[in-house]
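Please look over the structure below before reading these notes.

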Amino acid sequence: MIQSKLPAAGTTIFTVMSSLAQQHQAINLSQGFPDFEMPQELIAHVNEAMLRGQNQYAPMPGLLPLREMLAQKVHELYGVSVNPDTEITIAPGGTLAIYTAITTVVRPGDEVIVLEPAYDSYIPNIELNGGKVITVPLQTPDYSVNWPLVAQSITPRTRLIIINTPHNPCGYVWTREDMQQLDQLLAGKDIYVVSDEVYEHLTFDNRRHETILSWPNLRSRAFACYSFGKVFNNTGWKMGYCIAPEPLMKEYRKVHQFLCFSCNTPVQAGMAAFLHNKDHYLQLSAFMQEKRNYFLDLMKGSRFTLHQPSNGSYFQVMGYEQISQQSDLDFARWLTEAHQVATIPVSAFYQQPKDDHMIRFCFAKKNETLEQAAERLIKV
Ligand code: PMP
């Protein structure tokens, strides 16, 4: 009998809800992926690269023209210089970039701080490396960081803290003050940071994405992780990257080269060509903010409670306390079966059982999809 390395893990809630959605022909606002087309121009660039013969292994850290474009983007957006040769590695998706970073620094017995609710891969990734998960709850209703609690959770065994801004599932966007707090808290301590910034281009109401890269004392200890799928509406391509200072990146690449060696070559070539036009990423926040506004307008007639509009990402959490007292998992199942709208229960993002009676909606959908979903949700 095989002994599980992840005894607590089942099939992820995203898979469960998506297949329940299919079974009940429900509108799927559960899993985080857009139902509109990705940019055709990017498809054309990848096609051209394939036809040109860029079909063999890419260099282990990724195609240099792509890394150069990314360094340029980071410089233009955040005024930060990153060396494309030594500080950027292309990864097969944001999830694997995060796993690789965690594996690079976490040893058995190390403590890792995770702010909950949290993206569901972090905790199993820590456990696979023998790390001990220390969870710190974010504070409702806005899901901001409880800094005194984070400070109390640090011990001499703390090796890593994982942060995520803009936040999935709650849409909280870190402020300068949040980064300042982290900066002060980690000063003089031997603690690394994994900064999950896959929604960096989706911030609303004139909020700026606060990247860890622009805080020198944090940057020196950080692995910043990104995803192209989240940016260019092609989550199925599974392509991302990690930025870290050279000494950290050197160790990261040792792990990366034996996990995957390198990533899809024509996709990297296409991405490099596509990134030349800055509008492709500069317009994303406005586009997604409109989707959020449209969804919230449509939901005004419903009995779901908006505690806090999403400030970033492509998710909105809402309460259902006026509708039901069921657990969020039971409620999400019932909503799929009885009203044909699939969502994600927020308790799925906690390791410890915690139920705020909130569910997560993904609003990265065509207007018709949002309209049809809202029509059903208003009747609940
Ligand atoms: N981090 C967060 C917070 C995410 O929501 C996702 C995607 N669901 C990822 C990382 C992973 O991105 P990718 O699909 O590129 O692996």
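1. From which domains does the lining of the largest pocket draw at least three residues each? They are domain 1 (13-31 + 283-378) and domain 2 (55-277), with bounds from an automatic or database domain assignment. The model is predicted, local features need pLDDT of at least 70, side-chain atom pairs count only at pLDDT 80 or more, and totals for chains, interfaces and linings use all residues. Residues are numbered from 1 along each chain as its sequence is written, and side-chain values use heavy atoms, with hydrogens and water left out.

2. The largest pocket holds about 660 Å³ of space. Its lining has 23 residues, and A8, A9, D120, A348 and Y350 are the closest to the centre. (A pocket is an open set of points on a 1 Å grid over the protein atoms alone where a 1.4 Å probe fits, with protein on both sides within 12 Å along at least five of seven lines; lining residues have an atom within 4 Å of a point. A volume is the space filled by probe spheres set on the points, which are joined across faces, edges and corners.)

3. Helix 5 (residues 122-128) gives the most to this lining, three residues. (Helices are DSSP runs of H or I, at least four residues, numbered from the N terminus.) By class, the lining of the largest pocket has 14 nonpolar, five polar and four charged residues. (Ala, Val, Leu, Ile, Met, Phe, Trp, Tyr, Cys and Pro count as nonpolar, Asp, Glu, Lys and Arg as charged, and the others, Gly among them, as polar.)

4. The second largest pocket has a volume of about 540 Å³. Among its 28 lining residues, G32, T95, Y119, K230 and K238 are the closest to the centre. Helix 4 supplies the largest share of this lining, three residues.

Methods
Helices (H or I, at least four residues) and strands (E, at least two) are DSSP runs, numbered from the N terminus.
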